[in-house]
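Please look over the sequence and the model that follow before reading on.

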Amino acid sequence: MTAAPFRIPPAIGRLLGRLPPQPPAWLFVQGLNRILAPQLPEDVRQALFARRLRLRVEDAGLAIDFSWQGRAFETARHGDQPDLTIGACAHDLVLMARRQEDPDTLFFSRRLILEGDTELGLLFKNTLDGLDASAFDWRKLLPKIPTPPGARHG
């Protein structure tokens with residue numbers, strides 16, 4: 001018997017869902033540009049250009065709109081119809097990004113929702129399959145702190 005996936009408690013999800021969309025979207029896009037953008041193959045960059053994507057974190061009540069604009073991901077105006085919506089609970093999204101759970105498994109168990117352009121959804125899945133999972137280590141998002149001269153390493 002497998003444990004149920006972690007879910008953000010409903011009270012916290014309702015609180016997060018009341019946030020304006022821009023701050024979470026801006027933070028998310030910064031992470032994408034630091035972790036994902038350097039790994040995107042040129043053909044994926046071209047296919048994503050100006051396509052509107054929405055990430056719905058179901059248990060957090062968040063919807064993050066963003067797009068690839070040729071050199072980087074940027075936030076997109078919330079409310080416009082996205083080309084592709086990707087939705088799941090926060091825990092499943094993290095597992096999928098770290099390649100600890102297969103997108104197909106999540107999709108067929110109804111824990112991952114893909115709505116909109118099916119070709120774009122397939123591109124998303126195939127791109128995720130081809131990424132270096134170690135890139136999604138949250139510690140890579142922390143600022144680099146230089147070691148003071150004369151400090152001991154180890």
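Helices (H or I, at least four residues) and strands (E, at least two) are taken here as DSSP runs, numbered from the N terminus. Arg54, for example, is found in strand β1. The model is a predicted one, in which local features need pLDDT of at least 70 and side-chain atom pairs count only at pLDDT 80 or more, while totals for chains, interfaces and linings use all residues. Residues are numbered from 1 along each chain as its sequence is written, and side-chain values use heavy atoms, with hydrogens and water left out.

The protein holds six helices and five strands, and from the N terminus on these elements run α-α-α-β-β-β-β-α-α-β-α. Of its 154 residues, 35% are buried, where buried means under 20% relative accessible area, exposed over 50% and partly exposed in between, with a 1.4 Å probe and protein chains only. Among the contacts (heavy atoms within 4.5 Å) with a separation of 6 or more, 69% are between residues 24 or more positions apart.

The five strands of an open sheet lie in the order β3-β2-β1-β4-β5, with mixed pairing; two strands are said to pair if DSSP finds at least two bridges between them. Because β3 (73-75) and β5 stand at the edges with a single partner strand each, one side of each is left without a neighbour in the sheet. Neighbouring strands of this sheet are turned by 25° against each other on average, direction ignored, the axes being lines fitted to C-alpha atoms, for helices over the stretch in contact, and angles running from 0 to 180 degrees between N-to-C directions.

Which strands does β1 pair with, and in what sense? Six bridges join β1 to β2 (residues 62-68), and these two strands run antiparallel, whereas β1 and β4 pair in the parallel sense over five bridges. Leu55 stands opposite Ile64 in β2 and has Ile86 as its bridge partner in β4, while the partner of Arg56 in β2 is Ala63. Four residues lie between the strands of the β1 and β2 hairpin, where Gly61 takes a positive phi near 65°.

Five of the six residues of β1 are buried, so this strand is largely enclosed by the rest of the structure. Arg54 counts as buried because its relative accessibility is 14%, and, leaving aside residues up to four places away in sequence, its contacts include Ile64, Asp65, Asp80 and Ile86.

In helix α4 (residues 90-97), the buried residues are Asp92, Leu93, Leu95, Met96 and Ala97, and what covers them includes β1 (52-57), β4 (84-88), α5 and α6. Arg99, with a positive phi near 60°, follows α4.

The second largest pocket has a volume of about 210 Å³. A pocket is found on a 1 Å grid over the protein atoms alone, as an open set of points where a 1.4 Å probe fits, with protein on both sides within 12 Å along at least five of seven lines, and its lining residues have an atom within 4 Å of a point. Here the lining numbers 15 residues, of which Phe107, Leu114, Thr118, Gly121 and Leu122 lie nearest the centre of the pocket. The elements giving two or more residues to this lining are α5 (103-108), β5 (113-116) and α6 (118-130), and the largest share, five residues, comes from α6.

Glu119 is also found in α6, and this residue counts as exposed because its relative accessibility is 67%.

Key: Points joined across faces, edges and corners; volume = space filled by probe spheres on them.
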